[in-house]
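Hi,

Here is the structure I promised to pass on. Have a look at it first, then read my notes below.

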Amino acid sequence: MDAETDITAAAPAGKVPQSPEPHLSDDQWGRRGWELLQKLRSRAPLIQCITNFVSMDLMANVLLAIGASPAMLSTLTEISDFTPGVDALCINIGTLSEDWLVSMTAAAAVEAGRPWVLDPVAVSASDFRMEACISLLELRPAVIRGNASEILGLASGSRIRNSKGVDSLHQSSDALEAAKSLAKSCGAIVAVSGAVDYITDGRMVVGAQNGVAMLQKITATGCAVTALIAAFIAIEQSNILEATACALSIFGVAAELGMERATGPASLRTHLIDSLHGLDEHLLISRMSISRFS
């Protein structure tokens, strides 16, 4: 669209510096996660989410529970006034439309060096989604988070046929090489969600191993963890890979704690939010599980 092209050309995106390689041993990640969580709670970063209708409620509540401040603002006429003042931006294409794409492009373009995160929801579902994501990649997201099928499709730049919308047809490990390739080509940290969440800068890979299978029965949990990543990179821009891995692991720890009291998906959703709010030093350090894979 002409409007989209004009916005992109008028405001080239700033570049977020590449994260240095973490030197944490496997048993140091819990302490690092607690350090970042304390920092987040003290700063309460403002996170703008241009996201889908299905996920808005859960994303906002997850951000509030962790200690961040959510803003679900997507109107194009407000972006030039509002977006320059946020700490990070989360773009999620779940219920994409032409108007929302213009707003997403404008918001990403005016970030001017502030980090933003792309969630390429169901990127293989249509040519429109794929083309939208490819155009957004040109605006240099700091992090891309998706399931294995989404990352495989986006890395190849072509749709995966017979895709099942937001459902992944692949295991997270199936998309590891694609994630590394995508990270190298666009300069972003790429996170692949699954039984193990893999996070890579194109060279090294770490895996966050917390979580429960029942998260798959709650809509928008993937969207919510993407917003959580945005909150963590807002307060830790010097090592975005570490911040992303900690966000994924902390969300998984909260899910494990919530599952201990839940009787099904609906109660898990409630207890997940409560657990994020109530996380303390002992629980987090004792339960976070992140390992280096390469």
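**What I found**

The accessible surface of the protein comes to about 11,500 Å², and carbon and sulfur atoms account for 50% of that. Bear in mind that this is a predicted model. Of the 294 residues in the protein, 56% are buried. You'll find 12 helices and 9 strands when you trace the chain. If you take the contacts between residues at least 6 apart in sequence, 74% of them join residues at least 24 apart.

Now for how some of the helices pack. Two packed helices are described by the angle between their axes and the distance between the axes.

Start with helix 2 (residues 29-43) and helix 9 (residues 221-235): their axes come within 9 Å and cross at roughly 90°. Angles of 65 to 115 degrees count as roughly perpendicular, so that is what we call helix 2 and helix 9. Which residues meet there? On the helix 2 side they are Leu36, Leu37, Lys39, Leu40 and Arg43, and on the helix 9 side Ala231, Phe232 and Ile235. Sorted by type, this contact has 6 nonpolar residues, 2 charged and no polar ones.

Then try helix 7 (residues 148-156) and helix 8 (residues 176-186). Their axes also come within 9 Å, with a crossing angle of roughly 45°, and the two helices are therefore oblique to each other. The crossing is left-handed. Helix 7 brings Ile151, Leu152, Leu154 and Ala155 to the contact, while helix 8 brings Ala178, Ala179 and Leu182. Here the contact residues are 7 nonpolar, with no polar and no charged ones.

Cheers

Technical notes: Residues are numbered from 1 along each chain as its sequence is written. This is a predicted model: local features need pLDDT of at least 70, side-chain atom pairs count only at pLDDT 80 or more; totals for chains, interfaces and linings use all residues. Side-chain values use heavy atoms; hydrogens and water are left out. Axes are lines fitted to C-alpha atoms, for helices over the stretch in contact, and angles run from 0 to 180 degrees between N-to-C directions. Helices (H or I, at least four residues) and strands (E, at least two) are DSSP runs, numbered from the N terminus. Angles under 35 degrees count as roughly parallel, over 145 as roughly antiparallel, 65 to 115 as roughly perpendicular and the rest as oblique. A crossing is left-handed if the near helix is turned anticlockwise from the far one by less than a right angle, and right-handed if clockwise. Contact means heavy atoms within 4.5 Å. Ala, Val, Leu, Ile, Met, Phe, Trp, Tyr, Cys and Pro count as nonpolar, Asp, Glu, Lys and Arg as charged, and the others, Gly among them, as polar. Buried means under 20% relative accessible area, exposed over 50%, partly exposed in between (1.4 Å probe, protein chains only). Accessible areas come from the Shrake-Rupley method with a 1.4 Å probe; for residues, only the protein chains shown count as cover.
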